[in-house]
Amino acid sequence: MVFVSWGIINAMDPVVINSAVSIPSRELLLSFDRSPGPGGQNVNRVNTRVKLRFHVASSRALSAEQRRRLSEFLTSRLTASGYLIIRSSRFRSQGRNIQDCIEKF
């Protein structure tokens with residue numbers, strides 16, 4: 001599994017959460033691996049499943065109060081080291097799975 005900074009893959013605009021909060025793409029980490037289940041001829045060769053990681057406690061885009069509230073609200077969804085992890089393998093295309101992760105985020 002390879003971790004790649006989103007900014008290296010695509011210099012996208014920040015992810016807009018609402019009118020007051022947007023997360024810079026450099027704060028998102030993406031990793032890719034093979035999707036489970038049926039997938040046609042590329043199922044065992046192409047890394048289409050996407051895992052998006054966001055470290056809540058170290059985000060510079062959020063205020064201290066926002067980080068505290070998110071950590072409280074997302075306690076069951078955060079790893080022990082404080083990462084929010086979102087996965088997608090709905091689509092056969094890595095690009096569509098990246099977009100799906102961002103929409104879930």
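R68 and E72 form a salt bridge in which the closest N and O atoms are 2.6 Å apart, where a salt bridge is a side-chain nitrogen of Lys or Arg within 4 Å of a carboxyl oxygen of Asp or Glu. Both residues belong to helix α2 (residues 64–73) and are 4 residues apart, about one turn of the helix; helices (H or I, at least four residues) and strands (E, at least two) are DSSP runs, numbered from the N terminus. R68 counts as partly exposed at 40% relative accessibility, and E72 is exposed, with a relative accessible area of 54%. In these terms, buried means under 20% relative accessible area, exposed over 50%, and partly exposed in between (1.4 Å probe, protein chains only).

## How the model should be read

This is a predicted model, in which local features need pLDDT of at least 70 and side-chain atom pairs count only at pLDDT 80 or more, while totals for chains, interfaces and linings use all residues. Residues are numbered from 1 along each chain as its sequence is written, and side-chain values use heavy atoms, with hydrogens and water left out.

The pLDDT, which is the predictor's confidence in each residue from 0 to 100, has a mean of 81 over the chain, and 77% of the residues reach 70 or more. Over residues 1–9 the pLDDT is below 50, although this stretch has 26 contacts in the model beyond near neighbours in sequence, a contact being heavy atoms within 4.5 Å. Where pLDDT is low, the predicted coordinates should not be read in detail.

The structure holds 5 salt bridges in total. One of them joins the side chains of D33 and R49 at 2.8 Å, N to O, and this pair links distant parts of the chain, with D33 in strand β4 (residues 28–33) and R49 in strand β5 (residues 49–55), 16 residues apart. R49 counts as partly exposed, at 26% relative accessibility.

D100 and R90 form another salt bridge, with their closest N and O atoms 3.2 Å apart. This pair also links distant parts of the chain, because D100 lies in helix α3 (residues 94–104) and R90 in the loop between β6 (83–88) and α3, 10 residues apart. D100 is buried, with a relative accessible area of 5%, whereas R90 is exposed at 60%.

## The strands around β5

Strand β5 is mostly covered, as 6 of its 7 residues are buried. β5 pairs with β4 in the antiparallel sense over 6 bridges, and with β6 in the antiparallel sense over 6 bridges; two strands pair if DSSP finds at least two bridges between them.
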